[in-house]
Amino acid sequence: MQETDYTEFTEITPSADIETARHGGRAKCLQRLIRLGLPVPKTVALSFDAVHRIAVGQMPDKSALLSLFGATPLVSVRPSSGDPDWGGPGAILNIGMNAATHAALAEKLGQEAADRLYLRFIQSYAIHVARLDPDRFEEEACNHETIRAALLAYEEETDSPFPQAPERQLGQVLRSMARAWEGTTARLLRQAKGAPADAGLGLVVQEMALGIGPVESGSGVIQYVDSTTGLHQITGRYLSQSQGRAALKQGEGVLYLTRDPRGRSLEEQCPEIFEELKRWGDICRQRLREEMQIEFTIEGGTLHVLDAVRVQRTSRAAVRIAVSLADDFIISREEALARIEPRALNELLHSQVDPRGARDRFARGIPASPGAATGKIVFGSAAAQASAARGEPCILVRRETSPEDIRGMHAAAGVLTERGGMTSHAAVIARGLGLPCVVGVSEMRLKARDGQLVAADGRVFHEGDIITIDGTSGEALVGAVDMLEPALDDAFRTLLSWAEEVCDIGVRANADTPADAQTARNFGADGIGLCRTEHMFFEEDRLTVMREMIFAKTEQDRRAALDQLLPMQRADFTRLFEIMQGLPVCIRLFDPPLHEFLPHSREGMSELADALDLPLSDVIRRVEFLSEFNPMLGMRGVRLGVTVPEIYEMQARAIFEATIEARRKGDPVVPEIMIPLVSAMREVELVKTRIDAVAAAVRTERGTDFDYRLGVMVETPRAALRAGDIVQHAAFLSFGTNDLTQMTYGLSRDDAGRFMGSYVQQGVFPEDPFHTLDVDGVGELLLIGAGRARNARPEVVLSICGEHGGNAESIAFCRNAGFDYVSCSPFRVPVARLAAAHLAIAAAAKLAC
């Protein structure tokens, strides 16, 4: 067949010069279908440049174009953009319909079928091409009178008769679609979907396959996998439009594709065509290396394929499809990994709101921890624990959470806070627990005393009302909604195992409890990169002892209280070591200021006075004494370890004794002990001296030897700048990017959420620096610290353990900087692992070039 190319348009043939970059994805896909032998009607492609010229009034030779489709052309026009997700104008069908064609079709197909085709074209042309009022063209009844009325309405609205010449119809359709694409609204909408500002539009003109006739005829779409699950399953629809059966009446003639007890199916009615569709689907999967949805018509018992597009899919379906294609050797494992966006794994790790269901949103905030949960509103930790004890899921709603709320968070199904940002207390703890969490919902008002939550639209919710929070979208919804359960199936685990094989940077987990550690182990973490020991002290029995230590007046009394905590800490560490047997565990020594362990209300202080048998006035004075104007920059971290060394000594002993205990049951354990909030080398020297002394004492007492590694958590700008000095006493440096970002910017990570959205929107910051690592400012401190540390001690191990550790862009930065590993919340380990695998695959591909 000779190729026709008038420069302005190109007939799509197997050898035609069709490119996605010039003609769009649909045109290129149709060429691939033609090359594979699929029965595609004759199709012509107009390039991006040609469509742009049409928009400014330079029309192609319409007569020459239509001559390719015979003496009485009947065609459709469809958009062909670079990416189908960018949208585009809707298709216009049956171009070329006029009085003469109408009469000819009436003889061939019958009057009713011809009338309906003509009326639909008039309506579509009037509304979408001439841009007339849809209300005047909404008639559904179809006969000679309704056609005459539609033609008259068109003439009245435009002061000209409905165009009868196919060339004029085609020209107006092309101009309308071209101008619609280049309009301001359309441009802004596609840019919001990631399209470049100058994205072009191609158009395809295709011969109509009407799908109407006396022998079996109809139209439909078919796909071969389920869009939600990715499982192999034929789905779609088929509308039979054979004369004498459905006669085109609305709602009639719909067939199931496969055999179904509920009604007739295409498989039963046209088994040969059904098998042909299955064969074409398999060929597309093998040769196009994708699961495709095929749009088809059947005309007089003959199959025509109009188009094929990539099946729309959820993230869980995308994983299963990619793994299935790789298992069948259609794509490589590396390509399967590259096809899955790392953030998409969040859909598989947590319950999700079913996108097919309805949702009534009453508030929106920052999506701080992915997943969704439904439960009754509770306003405090005690209520959350009581609800959990009754077996009733609840959503903990707070102005903002504090360490005192940890037990309530453990009991809740999800967390919703009025304040906070991506690294606020609620966000960090929720991600560690795998709890859905929405923070910074500034548009809602919390009236905890009245047991009310007031939405921005005035709706009032009371304690006990059922709501749903979607931590993936940042929305709070009214009532219970349909959910999709987590999909931690074989396909997910297979994908993770492939990612681990190609990963070239370590991925550890931030885990504070045995449950966190087990989750991390299940997700294939390379160890624990941050264990926050202070969270272990908020259990009821330990909190009382902790408070006794805080109120102790002498060192001897403090040690006596800490002696009660020692076996509890030892048991915690032993369990962690057993779960992570053979993998590194990095334990951060006590970090928060002591006032966080004390009550702040008078009622709470009164209860504490009773528990400690102290005068209320003594309790009040002690609480006031420990209160600080800026506690995050006050007496915390290493400063406590230097001034109240008994705490760190107790923790070090617990770690060493747990090391010996765990070693009896499995592989040798080499614990990593990390000192928080360091800013001077002397701080490390003082703490190291005491920890070494404890280690020596434990070795002597137990008559056994063990190893451990001491490191520093770099959270202050000065620690990064003086890393060359600090590393002389540290085997590893782990950059705590949450606090380092806070101190570098001078921003409170708990309060920045109130204005961060506005800052990003106005271009002050490109992204929330607590969400995406600031490579220009904070990143430079990391590079300075890493460089000076490596110069002073080449073998030093470098990592980050802030929440940025689970962010793809941050992992790329750390990998390029030569860091040994990143550490993030357990539920972000798969996301980080896949992101790291993407980087390794891209690097290998670059080297291969």
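Predicted model: local features only at pLDDT ≥ 70, side-chain atom pairs only at ≥ 80, totals over all residues.
Let's start with the barrel. Eight strands close up here: the order is E24-E25-E26-E27-E28-E29-E30-E31, and the pairing is parallel. From one strand to the next, the twist averages 25 degrees.

Now zoom in on one pair of strands. Take E29, residues 732-735, and E30, residues 797-800. They run parallel, and 4 bridges join them. Where does Ser734 point us in E30? It stands opposite Ser799.

Next, two packed helices. H19 covers residues 514-522, and H21 covers residues 555-579. Their axes are 9 Å apart. The packing angle is about 10 degrees. Angles under 35 degrees count as roughly parallel, and H19 and H21 therefore fall into that class. Which residues make the contact? On the H19 side, they are Pro514, Ala517, Gln518 and Arg521. On the H21 side, they are Arg575, Leu576 and Ile579. Sort the contact of H19 with H21 by class and you get 4 nonpolar residues, 1 polar and 2 charged.

Last item: helix H25, residues 646-663. How many residues does H25 have? The count is 18. From its first C-alpha to its last, H25 reaches 26 Å. That is close to the 26 Å expected at 1.5 Å a residue. Is H25 largely enclosed or largely open? Buried means under 20% relative accessible area. By that cut-off, 15 of the 18 residues of H25 are buried, so the helix is largely enclosed by the rest of the structure.

That's the tour. Over to you.

Terms used. Residues numbered from 1 in each chain as written. Heavy atoms only, no water. Axes fitted to C-alpha atoms, helices over the stretch in contact; angles between N-to-C directions. Parallel < 35°, antiparallel > 145°, perpendicular 65-115°, else oblique. Contact = heavy atoms within 4.5 Å. Nonpolar A, V, L, I, M, F, W, Y, C, P; charged D, E, K, R; others polar. Pairing = 2+ DSSP bridges. Expected span 1.5 Å × (residues − 1). Buried < 20%, exposed > 50% of the residue type's maximum accessible area, 1.4 Å probe, protein only.
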